[in-house]
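These are my notebook entries on one protein chain. I record what I looked up and what I found.

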Amino acid sequence: MKQNSSLIYALVLVVGDFLALLSAFTLAYILRVKYDMRPLIEQIPAETYLYAFLAVLPLWILVHGFIGLYRRENYENRFREFGRLIVGSFIGMLVIIGYDFVIDSTLFPARLVAVYGFVLSLGFLLAFRIVMRIIRSILFMAGYGVTNVLIIGRNPDANGLIEELANTKRSGHRIIGVVGPKTSKYQTFSSFEAAIKALGAKKIHSIIQIQLFKEAGKNDEIMVFAQSNHISYKFIPGSDELFIGNIEVELYRGTPVVTVHQTALIGWGKVVKRLFDIIAGIIALLILSPLFIAVAFVQKILAPND
């Protein structure tokens, strides 16, 4: 399935999140309106309520997309995904509340519908993501959506990466060959050309070069082959010193450039650090202000006048 599996999985997450949110707010309406005999703020028919949420929930999905919940590097990390789901739920709920304030009609028939909806939506989203992880692992074990990886080079420092990739159930990758010294674990090839001849371009979904050749032409040959055959190509820089500082990759007139930011705070570094602390504090305050508003809103709706 090559790289299409990631796109398909992301689309399934989008649809699943939407259905989970719709189910959560539908159940919230039933719990408060049908089973709670206390008076309502406004009588809103179930059909009108459902249509309203069908229109507004895409905004919540956009929030999920904005914070990266449908990007592979996030949904493949369990703790990062769950953390972003919690943040996304808070922001998404604030979007729904803001929408309720700006429209002429009332979205919630009672304030507790919003509370029930928030709690249920967070629970449904977390449960859905857990189920999807289990299903994804089962599919990986059955061979569906697995990325075939060709490893080039042997670097002792990259053994951890290789072992992680070899765990197909978790990583979704399968090592089909290694170009380098002979190993008993994987099929070994003496050269990149021998690997291509034996495996064929169609069988290779991704190339990871963990050791660059001294001859730049060989490295260019591998990268050009990957590009011309629509194969994912990644490489590990040969200098470990690159990882001492902060790394940033940017395009400079069409050429990718790796910038290593110095960690020593001397001279202008101290000035920049101080400015960063001030700006970061202001940004953090702006980011957390919706949370403060949400807490105030929850305190208000939990008042005994519902």
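The entries below cover a helix, an arginine, aromatic rings and charged pairs.

**Entry 1: the model.** I noted that this is a predicted model, in which local features need pLDDT of at least 70, side-chain atom pairs count only at pLDDT 80 or more, and totals for chains, interfaces and linings use all residues. Residues are numbered from 1 along each chain as its sequence is written, and side-chain values use heavy atoms, with hydrogens and water left out.

**Entry 2: helix H5.** I took helices as DSSP runs (H or I, at least four residues), numbered from the N terminus. I then looked up the length of helix H5, which holds the 31 residues 111-141. The expected span of a helix is 1.5 Å times one less than its number of residues. Just after H5, I found Gly 143 with a positive phi of about 95°.

**Entry 3: Arg 129.** I next listed its contacts (heavy atoms within 4.5 Å). Not counting residues up to four places away in sequence, Arg 129 touches residues including Leu 13, Tyr 70, Tyr 75 and Phe 82.

**Entry 4: salt bridges.** I counted a salt bridge where a side-chain nitrogen of Lys or Arg is within 4 Å of a carboxyl oxygen of Asp or Glu. The count comes to seven. Arg 129 meets Asp 17 in one of them, at 2.6 Å from N to O. Asp 17 lies in helix H1 and Arg 129 in helix H5, so this pair ties together parts that are 112 residues apart in sequence. Arg 129 also forms a salt bridge with Glu 81, with the closest N and O atoms 2.7 Å apart. Glu 81 belongs to helix H4 (residues 78-102), so here the parts tied together are 48 residues apart in sequence. Salt bridges that share partners join Asp 17, Glu 81, Arg 129 and Arg 133 into one network. I also looked up Arg 72 and Glu 76, whose closest N and O atoms are 2.6 Å apart in a salt bridge. Arg 72 is partly exposed at 22% relative accessibility, and Glu 76 is partly exposed at 33%.

**Entry 5: aromatic rings.** Rings of Phe, Tyr and Trp (its six-membered ring) pair if their centres lie within 6.5 Å; planes under 30 degrees apart count as stacked, over 60 as edge-to-face and the rest as tilted. How many aromatic pairs does a search of the whole structure find? It finds nine. Phe 25 and Trp 60 form an edge-to-face pair, 5.9 Å centre to centre with 70° between the planes. This pair links helix H1 (residues 4-34) to helix H2 (residues 46-66). Phe 25 is buried at 1%, and Trp 60 is buried at 0%. The rings of Tyr 49 and Phe 53 have centres 4.7 Å apart and planes at 50°, so I recorded that pair as tilted. Tyr 49 and Phe 53 are four residues apart in helix H2, about one helical turn. One aromatic cluster is formed by Phe 25, Tyr 29, Tyr 49, Phe 53, Trp 60 and Phe 108.

Terms used
Helix = DSSP H or I, 4+ residues; strand = E, 2+ residues; numbered from the N terminus. Buried < 20%, exposed > 50% of the residue type's maximum accessible area, 1.4 Å probe, protein only.
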